[in-house]
Amino acid sequence: MKTTISEVSKFVGQEVTIGAWLANKRSSGKIAFLQLRDGTGFIQGVVVKEEVGEDIFQSAKSITQESSLFVTGIIREDERSPFGYELSVTSLEIIHTSVDYPITPKEHGTEFLMDNRHLWLRSKRQHAVMKIRNEIIRSTYEFFNDNGFVKVDPPILTGSAPEGTTELFNTKYFDEDAYLSQSGQLYMEAAAMALGKVFSFGPTFRAEKSKTRRHLIEFWMIEPEMAFYQHEDSLQVQEQYVSYIVQSVLKNCQLELKTLGRDTSKLENIKAPFPRISYDEAITFLHEKGFTDIKWGDDFGAPHETAIAESYDKPVFITNYPKAIKPFYMQPAPDRDDVVLCADMIAPEGYGEIIGGSERIHDFELMKQRLEEHNLTSDAYKWYLELRQYGSVPHPGFGLGLERTVAWISGVEHVRETIPFPRLLNRLYP
Ligand code: 4AD
Ligand code: MG
């Protein structure tokens, strides 16, 4: 019977064949332990010379790391194995012999691993991170579909720049200029006016010269947008959504969290509601904590965000930032004109901002004025302004950065390990 490692619990006591790669092995004169992986999981194959005979035993002993093979054996329950099962090998058939696999079980430097990302992805740790990423994506679709949102796909090639014009990748679009999308937001606003509650999930691009553990050049964003909602309604969707994905990972990725050594007690507690502090309060708090460098009107850096996040054991919303440090489209607060109806969600444990969101200006004249103030008067924004001419309604939305969220939930230090092929300041290979 042909099966996969994830299915072995159904075959205890039976003989099965699994297509696998050899991740690692150890052997003595009489017994060989093969660490096998097949993409669905990891299992140990035990080859006993007395049981399989000299030929199969010698072949098992000589398999090289990352060779591919069909292994046949009997599934046994095994309490010592993290997976709970073991394979008593009866025969094997090598498909392809791997020679000089560069990533050995010893320690390697980060740059070496990044140069070998196409192979590094096969490691147990990277496998666990990718499975957690997948669970976050799966539960994202589940959450939004269950709550009446429609998935809409904004374009990647655009003529507009929602998050400022300095961090754009441009390219030729025949005779015109085009940019790689920084955010699908403007298009999602149009979609919300057509479908009510919408969400997108796609790649976004920022030509940011930042070399930090939180910045990628290409990253994936989930961007919901909601017609007839207000700022506060959006914060509630955000805290429910983030709680939902954390609880889904806890439920469905226990093995992966264990592989990564994640302290899951810190995740158990992530349930809505989340605390909120205003930008004004955050400034006062930072002054009290001894950050004398920061003054009202400045944007927060990573150390500021971390200091604020450390006061809470859940993600925290920082609300109502100064208008001057946020994009053109944000709705002013009702009672004062110098701050906007926005919030950044800061993850615990130093992972920084995972969500940026706001209520959008719905008044035609005010939007026109803000576009002019930002020199965004080209035809590229004509359609966006028109959304305010035909049944304009208050609407907020937000963007969750997938890789920062994966980093936080997995407990991995750097976002480069949270995307299969990271695009970084000095890295386009592999
Ligand atoms: O705060 P940002 O720039 O917000 C927007 O783009 C809005 N238009 C979203 C919206 O309202 N629809 O980005 C949103 C999130 C950040 O909170 C962060 O998690 C992530 O995207 N992000 C990055 N992640 C990795 N690398 C980068 N260079 C990132 N820049 C933003
Ligand atoms: Mg932001």
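Q: Quick one to start: how many bridges join strand S11 to S12, and do they run parallel or antiparallel?
A: This is a predicted model, so take everything here as computed from it. Strand S11 (residues 197–205) and S12 are joined by 9 bridges, and the two run antiparallel. Within that pairing, Phe-201 stands opposite Ile-222 in S12.

Q: Nice. Which strands make up the sheet that holds S11 and S12, and in what order?
A: There are 8 strands in an open sheet, ordered S7-S11-S12-S17-S16-S15-S14-S13. The pairing in that sheet is mixed.

Q: And which are the edge strands?
A: Those are strand S7 (150–151) and S13, each of which pairs on one side only.

Q: Which strands does helix H7 lie across?
A: Helix H7 (residues 231–252) lies across S12, strand S14 (316–319), strand S15 (342–347), S16 and S17. Relative to S17, helix H7 runs at about 30 degrees.

Q: What about H5 and H7, at what angle do they pack?
A: The angle is about 130 degrees, and the axes of H5 and H7 are 9 Å apart. That makes H5 oblique to H7.

Q: Is that crossing left-handed or right-handed?
A: H5 passes H7 in a right-handed crossing.

Q: Which residues make the contact?
A: On the H5 side you have Ile-132, Glu-135, Ile-136, Ser-139, Thr-140 and Phe-143. From H7 come Tyr-241, Tyr-244, Ile-245, Ser-248, Val-249 and Asn-252. Sorted by class, the contact of H5 with H7 has 7 nonpolar, 4 polar and 1 charged residues.

Q: OK, how do the axes of H5 and H14 cross?
A: The axes of helix H5 (residues 124–146) and H14 come within 10 Å and cross at roughly 120 degrees. H5 and H14 are therefore oblique to each other. The crossing of this pair is right-handed.

Q: Who meets whom between H5 and H14?
A: Val-129, Ile-132, Arg-133 and Ile-136 in H5 meet Leu-402, Thr-405, Val-406, Ile-409 and Ser-410 in H14. By class, that contact of H5 with H14 comes out as 6 nonpolar, 2 polar and 1 charged residues. If you're looking at Ile-132 and Ile-136, they're also among the H5 residues in the contact with H7.

Q: Let's switch to the ligand. Which residues come nearest to ligand 1?
A: Of the 23 residues around ligand 1, the nearest are Ser-183, Gln-185, Gly-356, Gly-399 and Gly-401.

Q: Which elements supply at least two residues of that shell?
A: Strand S12 (218–226), strand S16 (352–360), strand S17 (395–401) and helix H14 (402–410) each do. S16 gives the largest share of the shell around ligand 1, with 5 residues.

Q: How do the residues of the shell divide into nonpolar, polar and charged?
A: The shell around ligand 1 has 8 nonpolar, 8 polar and 7 charged residues.

Q: Through how many residues does the hairpin join S2 to S3?
A: The hairpin goes through 3 residues. Ser-27 has Ala-32 in S3 as its bridge partner.

Q: And what is the order of the sheet of 3 strands?
A: That open sheet is ordered S8-S10-S9, with antiparallel pairing. Strand S8 (157–158) and S9 are at the edges with a single partner strand each, so one side of each is left without a neighbour in the sheet. Between S8 and S10 there are 2 bridges, and Leu-157 has Leu-180 as its bridge partner in S10.

Q: Which peptide bonds are cis?
A: Among them is the bond from Ala-272 to Pro-273, with omega near 0 degrees. Pro-273 is in the loop between helix H9 (265–268) and strand S13 (276–278). The bond from Tyr-429 to Pro-430 is cis too, with omega near -5 degrees, and Pro-430 is found in the segment after H14.

Key: Residues numbered from 1 in each chain as written. Chains lettered and ligands numbered in written order. Predicted model: local features only at pLDDT ≥ 70, side-chain atom pairs only at ≥ 80, totals over all residues. Near = placed C-beta within 6 Å. Helix = DSSP H or I, 4+ residues; strand = E, 2+ residues; numbered from the N terminus. Nonpolar A, V, L, I, M, F, W, Y, C, P; charged D, E, K, R; others polar. Pairing = 2+ DSSP bridges. Axes fitted to C-alpha atoms, helices over the stretch in contact; angles between N-to-C directions. Parallel < 35°, antiparallel > 145°, perpendicular 65-115°, else oblique. Left-handed = near helix turned anticlockwise from the far one by under 90°. Contact = placed C-beta atoms within 7 Å.
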